[in-house]
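Hi,

Here is the structure I promised to pass on.

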Amino acid sequence: GNRIGAAGSKALAASSLFPNLTSLDVSSNRIGDAAIKAFAGSSFFSNLTSLNVGRNQIGAAGMEALAECSFFPNLTSLDMSTNRIPDAGVKAFAASSFFPNLTSLNVGRNQIGAAGMEA
């Protein structure tokens with residue numbers, strides 16, 4: 001991956017240059033929770049159908065920010081694999097009503113136990 005980090009991701013989230021973007025892969029970029037919060041707060045990605053944020057050191061706060069995000073109504077595929085997401089993050093996401101079209105969710109290689117899978 002690259003090393004765009006949190007600062008680069010925040011700049012991307014604030015950019016209106018890609019209004020027709022349907023797929024975004026920022027995996028392996030060390031973006032962390034702060035950048036996921038920036039993406040979740042950006043209305044510029046409302047056409048996304050696929051988002052890959054795997055291998056980015058994302059924890060509960062990042063997953064919870066996504067759970068509260070209403071800007072991804074068209075998202076059908078979300079890859080959150082190989083992060084630091086615990087049970088609490090998965091529970092928050094499972095309780096979200098903002099992802100009605102999601103058909104694929106990858107949360108492999110995280111810190112999710114039985115309680116998270118019960119969500």
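Before the details, one cut-off: a residue is called buried when its relative accessible area is under 20%, exposed when over 50%, and partly exposed in between. Keep in mind, too, that this is a predicted model.

With that cut-off, S81 is a buried residue, because its relative accessibility is 8%. You'll find S81 in the loop between strand 3 (77-79) and helix 4. Leaving out neighbours within four places in sequence, S81 is in contact with G54, R55, N106, V107, G108 and N110.

T82 sits in that loop between strand 3 and helix 4 as well. T82 is partly exposed, since its relative accessibility comes to 30%. As a rule, most residues other than glycine have a negative phi.

Q57 is another one to check, with a positive phi of about 60 degrees although it is not a glycine either. Q57 belongs to the loop between strand 2 and helix 3, and at 40% relative accessibility it counts as partly exposed.

On to G59, which lies in the loop between strand 2 (50-52) and helix 3 (60-67). Is G59 buried or exposed? It counts as buried, because its relative accessibility is 9%. Not counting residues up to four places away in sequence, G59 touches D33, R84, I85 and P86.

Now the helices. How do helix 3 and helix 4 run relative to each other? Helix 4 covers residues 87-94, and it packs against helix 3 at an angle of about 0 degrees, with the axes 8 Å apart. The pair is therefore roughly parallel. On the helix 3 side the contact is made by A60, M63, E64, L66 and A67, and on the helix 4 side by A88, G89, V90, A92 and F93. Sorted by class, that contact has eight nonpolar residues, one polar and one charged.

Helix 2 (residues 32-40) has its own buried set: G32, A35, I36, F39 and A40. Looking down the axis of helix 2, these buried residues fall within an arc of 145 degrees, so they line one face of the helix. Among the elements that cover them are helix 1 (5-14), strand 1 (23-25) and helix 3.

Last, the aromatics, where the count is two pairs. F39 and F45 have ring centres 5.6 Å apart and planes at 65 degrees, so this pair is edge-to-face. Both F39 and F45 are buried, and F39 is one of the buried residues of helix 2 listed above.

The other pair is F93 with F99: the ring centres are 4.8 Å apart and the planes stand at 40 degrees, so the pair is tilted. F93 counts as buried because its relative accessibility is 8%, and F99 counts as buried at 10%. F93 also takes part in the contact of helix 4 with helix 3.

Tell me what you make of it.

Cheers

Notes
Residues are numbered from 1 along each chain as its sequence is written. This is a predicted model: local features need pLDDT of at least 70, side-chain atom pairs count only at pLDDT 80 or more; totals for chains, interfaces and linings use all residues. Side-chain values use heavy atoms; hydrogens and water are left out. Helices (H or I, at least four residues) and strands (E, at least two) are DSSP runs, numbered from the N terminus. Buried means under 20% relative accessible area, exposed over 50%, partly exposed in between (1.4 Å probe, protein chains only). Contact means heavy atoms within 4.5 Å. Axes are lines fitted to C-alpha atoms, for helices over the stretch in contact, and angles run from 0 to 180 degrees between N-to-C directions. Angles under 35 degrees count as roughly parallel, over 145 as roughly antiparallel, 65 to 115 as roughly perpendicular and the rest as oblique. Ala, Val, Leu, Ile, Met, Phe, Trp, Tyr, Cys and Pro count as nonpolar, Asp, Glu, Lys and Arg as charged, and the others, Gly among them, as polar. Rings of Phe, Tyr and Trp (its six-membered ring) pair if their centres lie within 6.5 Å; planes under 30 degrees apart count as stacked, over 60 as edge-to-face and the rest as tilted. The arc is that of the directions from the helix axis to the C-beta atoms.
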